[in-house]
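Colleague: I have not seen this one before. Can you walk me through a couple of its sheets?

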Amino acid sequence: MRKLLFLLMAAMLAIGQLHAQQRTITGKVTDEKGAPIINASVIVKGTNTGTVTKNDGTYSITVPANAKTLVISSVTMEEAQIDIGSQTVINVSLQTIGKNLQEVVVTALGIARDKRSLGYASQNLKGEELANKGEVNLVNALQGKVAGVNITNASGGAGASVNINIRGITSFTGSNQPLFVIDGIPISNDVDRTNSGPNGTLGDNQPANRALDIDMNNVESVNILKGPAAAALYGSRASAGAIIITTKKGGSARGKAEVVLNSNFSIQSAFGLPKVQNMYGEGTSGVFNSTSNNSFGPKFGSTPSLANGLLLGLSANINNVNYTAGQTFPYEAFPDNINDFFRHGTTAENEITITSGDAVRNQILSIGNVTQKGILYNTFLKRTTLRFGANTAVGAKMKIGGSITYTNTAQRGTIGGNNSGLASLLGLARNIDLTSYRVNGTYKNANGTNNYPFSGVDNPYFDQFENPLNSYLNRFTGNINVGYDLLNWLNISYRAGGDIYTDRRKQVFAISSNRVPAGNVRDEMFFRNEINGDLIIRATRNNLFTHGLSLTALIGQNINQRRFQDIAVQGDQLSVPGFYNVGNGAVFSVGSGEASTLRRLLGYYGQASFNFRNYVFVELTGRADKSSTLPKNKNTYFYPSANVAFVFTDALKINSDIFSYGKIRASYAKVGRDADPYLLNNVYVNGAFGNNVASFTFPFGAIGGFGASSRLSDTIPLSPEFTTSYEAGINLQFFSNRASIDVTYYSEDSKSQILNVAVAPSSGFRTYTTNIGELTNKGVEVNVSATVIRTRDFTWDLNGNYTRQRNKVVSIAPGVDNSPIPGNAFIGSIPSFKVGYHYGVIIGGVIPRSPDGQRLINPATGTYQPTVAGQVLADPNADYQFGVTNTLNYKGFNLGCTFDFTKGGQVLSFTAATYKSRGALDITAVDREQPHILPGVILDPASGKYSANNIQISGQAYWQALGGLQSEFNVYDATVLHLRELTLGYTVPNKITNRLKLAGIRFGLFARNVFYVAPNAPIDPQLNTQGAGNIRGLDLQGTPNARTIGANIKLTI
Amino acid sequence: MKKISFLLLLFISFTSCKKYLDVNISPNNPPAVPATTILPTTTIGLAFANSNDLDRATSALVQHIAGVANQTAAYDIYNLDGAFDNQWNGEIYGVDLSDLQILIDQYSATSPAYSGIAKLEMAYLFSIATDLWGEVPYSQAAQGTKSLFPRFDKQEDIYQGNASLGITSLFDLVKSGLADLVKTSALKPGNDDIVYKGDLTKWARMGNTLLLKFAIQISNKNPSLATSTIASVIAGNNYINSNALDFEVPFGATVGNQNALYTFNNINRTGDQMLSTRLLNLAKSLNDTVRLAKFFTKPSGAFVSFDNGSTATAPAVATRSKYNAYLTGATGEAPIRILTNFQVQFILAEAALTLGTPGNANTYYQAGITASMQKVGMTAAEIASYFATNPSVVTLSGTIEEQRKQIITQKYIAWIGNGIEAFDDYRRTGYPVLALVNNAAGDNPNVIPTRLPYTPAELAANPNAPSPRPKTDVKLWFAK
């Protein structure tokens, strides 16, 4: 393998050598003010020989002896042509193109477009804005940088999944994750969930959303198509928006072979843990109890007595030491006992990229590896990517290109959530020294079983080391495209590609695990395969009908197939401890089985784009899809879009340096969406009863059992669902385009959704698949960018984005007020959609209130009256969000920082509840021994009058009254400010790199999740244990977020 | 131009493969299954419904057990609001009643053996629903698209029928099932009948025993129907009259097949519930601790109980008295007892006493105690000794009401582990006399709940559900 790589590298370098020439010209390219221009291209006219300028604007090019002219260009600058003559140093000053700003963005179907011609909002990010900043998941790296996008990660665990929604939720129960497209080929960003324990996906720490497999160093740009208008040509799949990723090509080095070496190393630590008290230790009601994980015991420093339990009345095991009755023991706080459970995670990332060739014929080979040790012991993420891409031309008219990427991702995580070891760590009794259980391996007994003083829960280290979930993924993504110019105005191309992966999982529960006492092994394989083909015929005519009117027309055909298979075999009731072959089980009927889906789609589409004098743009699109998932007589559906853009500064000939550019745009789009597979028929399912506290699964011995699925099919055939969107926007630029503001307003209406709507459970069924319900989304997005300062050596760029998004459930079905979001949930905090509310509210029990809004107290206990079920407990939808990125450049130095701020939204935090009810949270120690009175009123049933609560209760009763897992007291305002990213880079000047015979050296330092300020929450409220999906706003005692600090070096040879 | 037309052809050729899209049949779930796979599901289902959360709540309400943590602790102090979605949705109406309806719809004509059994199981499940919630969906329930939002029928109509509303009584449903059992049937159950292995005569006994249970349940309100029903069942002499005929649903010893009493108490929620101090005191007052030890463990050699609703620190989990092998099996294989000989004997004793049905009340009473003691595994010597040393306990004496109290108290002990039956009898007769729990809360902290609150999912999704829901202190029709 190594030899092969060497040969490949040698071959690629040799291709570069073919272009070796005889004369070297050096120089510097600057703007009219003398500031260096980076990445300006310097090309020998009439050849493919060229280079680009470095960060200081300098270049060095070897030209043929017969070279006559250098063409120097840059995106925002007027092109310059310079006669070479006999010069060896050529310095060039370029003029800014004031009104002809051209920003090329990649739109739907991979079509590169000038941004000014777009009648809808899109936002473009460069690969270097994402890579090498301490994040390995591309979706996380987008955090804070894009307007209209919501990103929340599940946790800081290695490879935890990340949720992304663009412009909110448009489908009640379908996927609301955007479509991910790499080089024109849709890829999977699915989350495949494994959990053989009784908690299902509530068990935390699921392997990642599969965008994790993307190596950001391969990414040239990411364009976010936000609404249906932008994504209309992608059809159904992109109704939740699309993330269009364009990978790097080999030709950027203009004919020169180049090797880029890139290395990162970073350290992660647990982040966002609540503050704890260290005054009181283990026990209840002021009395020490070695089997209680509550910190309501005696105050540290109390004189030991039988009454306070510090003089032991019975023998006890405390911090792994046995004591007998009548003994005392060290009773002291371990202030860091929770923090110390986490280790410093490390991430090492190394890439090598070799490129050669020119703009037409080029190759790229890259190999990258990420090795991450998680902040939890025994967790890791290892990802290796290997990518090869090439483009070439056959004759003058045909272009062929393609790339293939192989990814190997291995992940290990462990369970968390309710009743897990991790949950017992939260608010751990303050005098417990957990480290002793790890260092000596005594988290398990000599016979391998769980050792922990608390019952009903595993030692957290036992879960970490003995109950892992492993994932080994092999993935290929690739594409090939062929384009042919039939006529000089007519091009035909075909692009085919695929994404295929298998993810082999193994989940283990050791014998004596609290969740699965008999132990089990689950071997599971996820297989996904998507094949996509597009035939596109494109015609361009200039000066059509009249001078200055040009038309680009496109017709296309799309074929798409998605196959999914999940096969699992689970062995329960293990015989031999620690032997994790599924054959070691005695029962194989629980959790074993297969789920497969196959869906196909044929699409036909067309687009006509008119451009009048480069200031009026009108575009019409239409697409008809035929889907396999809809009834045969209703499986074809058509949807159109139209958009218009008007650059009024050009049209009106406003020629001002102050107000340099102005564009307004508007669009209308309708996007259809098909159903999920297999919703048209009623089916039977294997018989099973119960949940995580008690359950039964067929077969019963040798007797099989089946029952009707709880989902009913409609008696009326399904039809596709549609989202209609209107969007308007304005983009203004000032001071020769140094400052820009872009505002977008949109309104979307999704009707007749294909919905498994709740029916009365007494009908014998839970849901009914039908076309029903309506959801609306309205929002404002603002992007601001400015070059605040630009001098010869110093620039300060500012980018900001603002998002305000309002979602409303207009109707569900007649008689249905709310319906749960499909997925696992705890009864009492069910993520739901409810008429008149934002999507995703959490429904549970709320304490009854007096007419003036005060909570009612139970006069018998002095604590609150029992809750009334079925109320809205929390709303995870934020009021608004903004992100700000500052970039400062001084000579070779580059300083960047990204803040993001979320206002509002709520999170139900089981984590915070646990800290509270266990008496571990710092505030629970304040005046602990004083009588407490809960705020509220008491109803006198005789008079019907309310009086203020005056019943004194103990500190413990007080905090436990406020500490219920699903209590309204543990719903927190998720307002939070994060310093998300801080980077410092230094590009070594050419003088030095030239001496080292290198093309460039860049050093960087970065930090992620540097700090947060959450004024109303004791935790970092920005996490969502269930990760990617429609369920949001729940922190279910999972892994905390992580802070990352690291360094980067990039060498270009 | 030639090239263009070639490409157009290619384009069109893609569009004509109709079969390409014909892939929407699920490979994961069958569109139809035989009756032999549905019957085991419904039978396990009704036992699961009986023994899962409804059992925990009712066992706490009748103070068989005391809740120590989590949901059972909430039920113990009458905090019932928001609970039982899973029971209503997935144990009674969903899966079970819906599948029973499928058996009836598909097999009444050709294989009435299956529809007959289905009607009996259905009658039992509906009786659980109405006995716990009162007015419940019945005549329109569990029929899928025929009625997505079923009407709630009154309890008196469910038990007695109401022709004008098209409601068949539970008694008639049972009788219709009994009639099906004796019809010619193309298919007959065998091992898929996990209780009686295809012996339809035993199912007939089960059906007649259901009639006894229903009759005594409504005896406060319709004594004449109760009397005539019981008299006719006695005359037919075809009911469960020995422990060997008990309608009890078997469970297994392996993961996934264990009964819910075991998986809850011994596996998943080991610290949530334990023996109630009040039951312990009752058993002690009756010198009945030998039998109690069959129901509850004594890990430290003595009973370790907990008072209902207490906020005191509970004893260490390992020392607590929890359900014993009679209820849980060694590893979950104990059957769930639904209709039993001891139950029948106590019903007949009470009916003889209060309704004047044939037979001697004291004879039935003593047969009931004996059947229960034999059932839990007491030896003949232990039983004889108990009878010898406690003549006042095992002999009915005093006023009719006092004798009734004796009968129901014995029935209450015999039903430990089946809280639903004990809860029914308590609300019907007021026996045994139970004190409020400590720290009572709930809809009304001054009254032991007399019904369960409607469940959130049904309230949210069914416009026909009573709204606002009745409080848990509103008595049901059958109650005293």
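Predicted model: local features only at pLDDT ≥ 70, side-chain atom pairs only at ≥ 80, totals over all residues.

Colleague: OK, in what order do the five strands of the open sheet run?

Modeller: The order is S10-S15-S16-S13-S14 in chain A, with mixed pairing. Strands are DSSP runs (E, at least two residues), numbered from the N terminus, and two of them pair if DSSP finds at least two bridges between them.

Colleague: Which strands stand at the edges?

Modeller: S10 (122-126) and S14 (185-187) of chain A; each has a single partner strand, so one side of each lacks a neighbour in the sheet. On average, neighbouring strands here are turned by 25° against each other, direction ignored; axes are lines fitted to C-alpha atoms.

Colleague: And how do S13 and S14 of chain A pair?

Modeller: S13 (residues 179-182) pairs with S14 in the antiparallel sense, over three bridges. A:Val181 has A:Pro186 in S14(A) as its bridge partner.

Colleague: Next sheet. What is the order of its four strands?

Modeller: S41-S42-S43-S44 of chain A, an open sheet with antiparallel pairing. Its neighbouring strands are turned by 50° on average, direction ignored.

Colleague: What stands opposite A:Ile830?

Modeller: A:Ile843 in S43(A). Strands S42 (residues 829-834) and S43 (residues 841-846) of chain A are antiparallel, with four bridges.

Note on methods:
Residues numbered from 1 in each chain as written. Chains lettered and ligands numbered in written order. Axes fitted to C-alpha atoms, helices over the stretch in contact; angles between N-to-C directions.
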